[in-house]
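Q: Hi, I'm new to this one. Could you walk me through it?

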Amino acid sequence: MALPVYASPLERLWHYTYLVICALILLFLIAPIIIVIPLSFNAEPYFTFTEKMLHFDPAGYSLRWYDKLITFGMQNPEAERGAAFWWDFWNNATWMQVTKNSIIIGVCATLLSAGLGTIAALGLTRPEMPFRKQITAVLISPMIVPIIISATGMFFFYSGKWLPIISLSGGVHMEWGRLAGTYAGIILAHAALGIPFVIITVTATLSGFDQSLVRAAASLGANPRTAFFRVVMPLILPGVVSGGLFAFVTSFDEVVAVLFIANHDQQTIPRQMWNGIREQISPAILAVATILVVISIALLATVELLRRRSERLRGLSPR
């Protein structure tokens, strides 16, 4: 915003100082993320800028690490890139398999988080709801409690040591339980971490909701179910989707709970990156990080568009 013509020299000095401070804070926050992107195109197997990269020599840049993501783990990575090559990639490539796992777990955890979080938010916004503040504090506690503590508790809870009927971690003795149970444990753990985001976004959307719309629908003969799906849900849907996107990003990027709950052969993208850093450092990890940054930016842009749409639907901003 431009300064008014009557601004004093001191006000102008503070205005430009404020802009510089904001720019420095922004640079401090995004510099560690931005630095990863050019390094992922390094032609050499280093995590530093080479002389050719600093001089913008095209020979210093390469897509070899992105190609490594495709061929790593394949049975015949040198084959001609036809139908057989891509079949091999889909079924055997390591990064493809962990991507499948991350997407399946993320989508399942997101659906569970969105459903339970929306129901909780609807209940917490009711004025007759007792102990609303205390219940809200408990439900959003996974955002506050350190993840290492939550993951430890989930491990002991899902292992069946306290409740034998709940045995969802890798310690189940039955073979089918070891597989299905572990994935169920990861999904439930990620859902527990994602529910607070849904509760917060849906609650914020419901804070500006006009309850007279529900009463008007009821006066016109709509039952509670019809009023919810025809009146309430369309207005809070942007908040539900926004919370679901945050829950999906949380699940997609989470590694600590996976390390505690999953079996050694059940890898997700963050866990595979963790293994790569611990066992064999490769710039291919930077390529994965770059792809995740691009996905995160796209999801954040979607959340912002949904937020603006929600404000327009509620009449909080001009069309």
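Q: How far apart are the end C-alpha atoms of helix α9?
A: They are 16 Å apart, which agrees with the 16 Å that its 12 residues, 147-158, should span at 1.5 Å a residue. The expected span is 1.5 Å times one less than the number of residues, and helices are DSSP runs (H or I, at least four residues) numbered from the N terminus. This is a predicted model, where local features need pLDDT of at least 70 and side-chain atom pairs count only at 80 or more, while totals for chains, interfaces and linings use all residues. Residues are numbered from 1 along each chain, and side-chain values use heavy atoms, without hydrogens and water.

Q: Which residues of α9 are buried?
A: Ser150, Ala151, Met154 and Tyr158; buried means under 20% relative accessible area with a 1.4 Å probe, protein chains only. They sit on the same side of α9, because they cover an arc of only 95 degrees around the axis, taken from the directions from the helix axis to the C-beta atoms.

Q: New topic: is Thr201 buried or exposed?
A: Thr201 is buried, at a relative accessible area of 17%, and belongs to helix α10, residues 175-207.

Q: What does Thr201 touch?
A: Leaving out residues up to four places away in sequence, Thr201 touches Gly239, Gly243 and Phe246, where contact means heavy atoms within 4.5 Å.

Q: And where is the backbone oxygen of Val198?
A: That oxygen lies 3.1 Å from a polar atom of the Thr201 side chain.

Notes: Helix = DSSP H or I, 4+ residues; strand = E, 2+ residues; numbered from the N terminus. Buried < 20%, exposed > 50% of the residue type's maximum accessible area, 1.4 Å probe, protein only. Polar contact = N/O pair within 3.5 Å; in protein donor to acceptor, adjacent residues only side chain to side chain.
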